[in-house]
Amino acid sequence: MSDRVPATSAVGPKRSHTAIHVVLIVGSVLMVLPFFWEVSTSLKTYAESISVPPTIFPSSPVWKNYTDVFATLPFGAQFLNTVIMTVARTVGQVFFCAAAGYAFARLEFPGRNAIFIAFLSVLMVPSQLFLLSQFQLMQRFGLLNTVTALALPGIFSAFGTFLLRQFFLQLPAELDAAARLDGCNPFQVWWKVMLPLAKNGMLALGILTAIWSWNDLLWPLVVNNDPEKMTLSAGLSTLQGQFLTNYPVLMAGSFLASIPMIVLFVMFQKNMLEGIASSGIKG
Amino acid sequence: MTSQLVPPVEQGQRRPTPLPPRGTKRRSLRHGDRYWAYLLILPTAVGLTVFSIWPAIQTFYFSFTKWGTFGGHEWTGLDNYAQVFHDPELLRSLWNTVIFSVMTLLGIPLSIGLAALLNTKGLRGVGVYRALYFLPVVTMPAAIALVWKLIYNGDTGILNQFLAVFGVDGPHWLSDPATAIYAVGVVSIWSSLGYNMVLFLAGMQSIPGEFYEAASIDGAGPWRQFFRITMPLLTPTTFFVTVITVINALQAFDLVYLMVGKASPAIEESQTVVYLFYAKGILQGDGGYAAAIAFVLLALILLITAFQFRVQKRWVHYE
């Protein structure tokens, strides 16, 4: 990395990368260490989990902790609740946001700017402003402690509309015009021509929504207090109060609850990171 | 060349709405468009009205009321807002939120540094590093909080056992009022590092390579290039990340709820504004006061964000 040879970066890129790798690896270890500790502890006996000095690896893996999770929590029911909530929010949001996003990007209609500003203002306001009233709404409709209550408000998103509007704006305008000349109405243009082209944007929004929904805490915590109707996130948070010290079982539960989104992330890493980058750098 | 610095999204945003072609057909096409447009917008518009816009209006009304123990509420005018400014609990929560926000901001230089390392030309394994650093972002906060509680545990946690090797007697991090909010802040930095890093990396990758080539020819080393080219051209991203980080940090709830919790002796010294909002509005049924707290938070967010936009002219370079 000397200044003497001007063309270093172009000619000898492999030189001196060792130092960079060392720093990045140390950082990676710090990032991964809590995950390692989670898995390691999940396979220890209770006594081993609190031993001083600690053991790095479990002396003999206790797989029973993973079955005990299902005995301490209604884990199966909570898992299912979380899946239903996540799927409903994700599918609903991607579909409705794609519809609204397209209309804002490509169609002209009276009140477009006013409505769009109303959407944007929702985006900028902290969500706590909605919470008390949303809770009362669910109460009034008798939806407390239902999976419907978990999913419902999260289906509609100003952020998603904004994100997909950006994707539609980047598609060539000639496509709309050509389809219109072929006799398609705006709905058909959206459905047949635009949606297939906006696939990447929709996938990015879908993955972001899935992860946010899966991990969401405050809303599920507020609407459902029956353990059978909770999400994993809320379930885990109440579990720690009751079984505060049974760390191995808690860690097994945490690990099982985080696995689906980690798998989703690994599978769709590229789409997700693109989605973040394009929604992020909007200035 | 400089236009490449403007992210593609910006260009899209400014592009005028394309109109259907041909003068004569235009009017009839546009007229029919509006019904389709309303139909496409309808679900989200109705949903946002019912679940966001109307609730916000209602909450504003709530903030002028006092809630009874058995339901119902009475108009009390500005009482709640008057109480806000004399409530030591709320003032303390504001202070905790500021500490938490400042700590979270400390993660920004770290993520810029990491992104700069990942942006090294010809570096191998970038995808693997990026995925590892991003892992906490996709992991459930409830799970993250449990692991860190285990690590922070005063008696048996590995942190204190590690410190003991150096003869340091670590505190009970999460139940000690003096350390709890800082311990939570560290976890917040850890879990948002990867997200910010991805944004900075995208920003750095949009800087044209010619700038660096020209600088190399002029004899500028990597450090000089970083401070003279990368940092100035990255300022729009840095500004954006700072604004988003502050807005999110001001609304911090999950980690405080999960790691400290209502039963902890340290909760008063570490509860954030949103935690207090939750405690008042949901746990104690004092919805009127909670609503006022929510609007104080809104005012705070708007003020700080507006301030940031004002000051940006001094340090953000849009080419």
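In this predicted model, the C-alpha centres of domain 1 and domain 2 of chain A sit 32 Å apart. The domain assignment places domain 1 of chain A at residues 8-62 and domain 2 of chain A at residues 68-280. The two do meet: nine residues of domain 1 of chain A are in contact with seven residues of domain 2 of chain A. On the domain 1 side of that meeting, the elements giving two or more residues are helix 2 (17-42) and helix 3 (46-49) of chain A. Helix 2 of chain A gives the most here, with four residues. Sorted by class, this side of domain 1 of chain A, the one touching domain 2 of chain A, comes out as three nonpolar, four polar and two charged residues.

Next comes the contact between the chains. Here, 87 residues of chain B are in contact with 92 residues of chain A. On the chain B side, helix 2 (residues 23-62) of chain B gives the most, putting in 22 residues. The residues of chain B that touch chain A split into 59 nonpolar, 21 polar and seven charged.

Chain B also carries a record worth a look. According to an unreviewed UniProt entry, the annotation "transmembrane region" covers residues 35-57, 98-119, 131-151, 180-202, 233-253 and 289-309 of chain B. Take residues 35-57 of chain B: this span is 100% helix and 0% strand, and its end C-alpha atoms lie 28 Å apart. Residues 131-151 of chain B, for their part, are 90% helix and 0% strand, with 23 Å between the end C-alpha atoms.

Then there is helix 11 of chain B, which isn't straight. This helix runs over residues 222-250 and has 29 residues, yet its end C-alpha atoms are only 36 Å apart, short of the 42 Å that a straight helix would reach at 1.5 Å a residue. Helix 11 of chain B bends by about 55 degrees at T235(B), and a proline, P236(B), follows within four residues. That proline, P236(B), also turns up among the buried residues of helix 11 of chain B.

Notes. Residues are numbered from 1 along each chain as its sequence is written. Chains are lettered from A and ligands numbered from 1 in the order in which they are written. This is a predicted model: local features need pLDDT of at least 70, side-chain atom pairs count only at pLDDT 80 or more; totals for chains, interfaces and linings use all residues. UniProt positions are given in the numbering used here, feature names are shortened, and annotations may be inferred rather than shown by experiment. Domain bounds come from an automatic or database domain assignment. Ala, Val, Leu, Ile, Met, Phe, Trp, Tyr, Cys and Pro count as nonpolar, Asp, Glu, Lys and Arg as charged, and the others, Gly among them, as polar. The expected span of a helix is 1.5 Å times one less than its number of residues. The bend at a residue is the angle between axes fitted to the seven residues ending there and the seven starting there. A residue is buried if 20 or more other C-beta atoms lie within 10 Å of its own, exposed if 12 or fewer, and partly exposed in between; C-beta atoms are placed from the backbone.
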